Amino acid sequence: MCVWWYKAGMDVSGGNHRHEAPWKRMSKEELDNQYSPSRWVVRLGAEEAMRTYSQIGNEVTKRARATGRSLLNVPYGDGDGEKLDIYLPEAVSEAMPFLVFFHGGYWQSGSKDTSAFMVNPLTAQGVAVVIVAYDIAPKGTLDQMVDQVTQSIMFVQKQYPGNQGIYLCGHSAGAHLAAMMLLADWTKHGVTPNLKGFFLLSGVYDLEPIMHTSENAPLLPALEDAQRNSPLWQLETAPTQPADPACRILVTVGQHDSPEFHRQSREFYQTLCQGGWKASFEELHDMDHFEILWNLTQEDYVLTQPQVICRGWSWAHQWDLHGARQIILKTIFQES
Ligand SMILES: N[C@@H](CC(=O)c1ccccc1NC=O)C(=O)O
């Protein structure tokens, strides 16, 4: 079931109007602005936001590595960059749920070594967290990144075949890479991962407008590259069905993300619904593009509750998603 969570002021016209996409009427400067998330941060300046992002990422990763048991730099492929970190909960079992995270950075920056944002709150509650490195540009092309992400998920499934579910989470460009897994033909790879959910934070799902921005143009030399790597375009033109019909997808965007980021998330959510996926949409109240991640480091934040991550989130919309404590209480109430 799709959940439309209406927020005042939101355009709920519905449908996908690709031919009248608003970005087509934007100047290059405006597109650069729309696709520079740091310029939309409200509580810090753009540069300060980026510095804080690296600083927090560094600190939480150090803390995660110092706290529990981890397996670092585990190769999931033959390439130098094809490594992942596995952070284990105290009670390791065959049937752990796994949350696999893909960092953002516009496919050109970021690292698994500064991206262990939700590790401690989730391992504390029995979820194993995997942070994946992939070859960012210019070393890697988008096709290679998508392939590496595919390999990393197959690796987790092969290593832990008794897992209680694999949940993918990505931020920004990482949400794009996670969303590309909705299109994966696992039968071709001979391993079908036990994918139970997708958790997409402030992502980009249509790469065509990115082609026209100065920072990202080199990533996408031709329209076909953008289309092949656009989950929104792919699902509109050739809808795929979930291997597991119970698989859930949560599309979130920060209230302070740019209008283009809002449009991308909303259209992607609508396309998923039209394709029969179990999707939910949430605009995260008073959050900017980076605060969404910083909040994942908090144990009492709504999105790091395993009840939300690993037990399905559609029910969460019946209450106020912003109140973590309320959700925990309601979950206990519902499950007792
Ligand atoms: N140059 C970009 C940086 C950026 O987009 C970004 C940085 C860190 C993590 C995610 C990001 N965006 C999407 O992947 C900006 O101005 O915000």
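Begin by selecting Pro138, which lies in the loop between β4 and α4; helices (H or I, at least four residues) and strands (E, at least two) are DSSP runs, numbered from the N terminus. A cis peptide bond joins Ala137 to Pro138, with omega at about 5 degrees. Before moving on, bear in mind that this is a predicted model, in which local features need pLDDT of at least 70 and side-chain atom pairs count only at pLDDT 80 or more, while totals for chains, interfaces and linings use all residues. Residues are numbered from 1 along each chain as its sequence is written, and side-chain values use heavy atoms, with hydrogens and water left out.

Next, select Trp107, found in the loop between β3 and α3 (119-123); its phi is near 60 degrees, a positive value in a residue other than glycine.

Now colour the strands. Eight of them form an open sheet of mixed pairing, in the order β1-β2-β4-β3-β5-β6-β7-β8, where two strands pair if DSSP finds at least two bridges between them. At the edges are β1 (69-75) and β8 (278-284), each of which pairs on one side only.

Within the sheet, select β5 (residues 166-171) and β6 (residues 195-201), which run parallel and are joined by six bridges. Gly170 has Leu200 in β6 as its bridge partner.

Finally, select the ligand. Which residues are closest to the ligand? Of the 14 residues that surround the ligand, the closest are Ser38, Gly105, Tyr106, Ser172 and Ala173, a residue being near if one of its heavy atoms lies within 4 Å. Show the polar contacts (pairs of N or O atoms within 3.5 Å): a polar side-chain atom of Ser172 lies 2.7 Å from a ligand oxygen atom, and a polar backbone atom of Ser38 is 2.8 Å from an oxygen atom of the ligand.

Conventions
A polar contact is a pair of N or O atoms within 3.5 Å; within protein, one must be able to donate a hydrogen and the other to accept it, and residues adjacent in sequence count only if both atoms are side-chain atoms.
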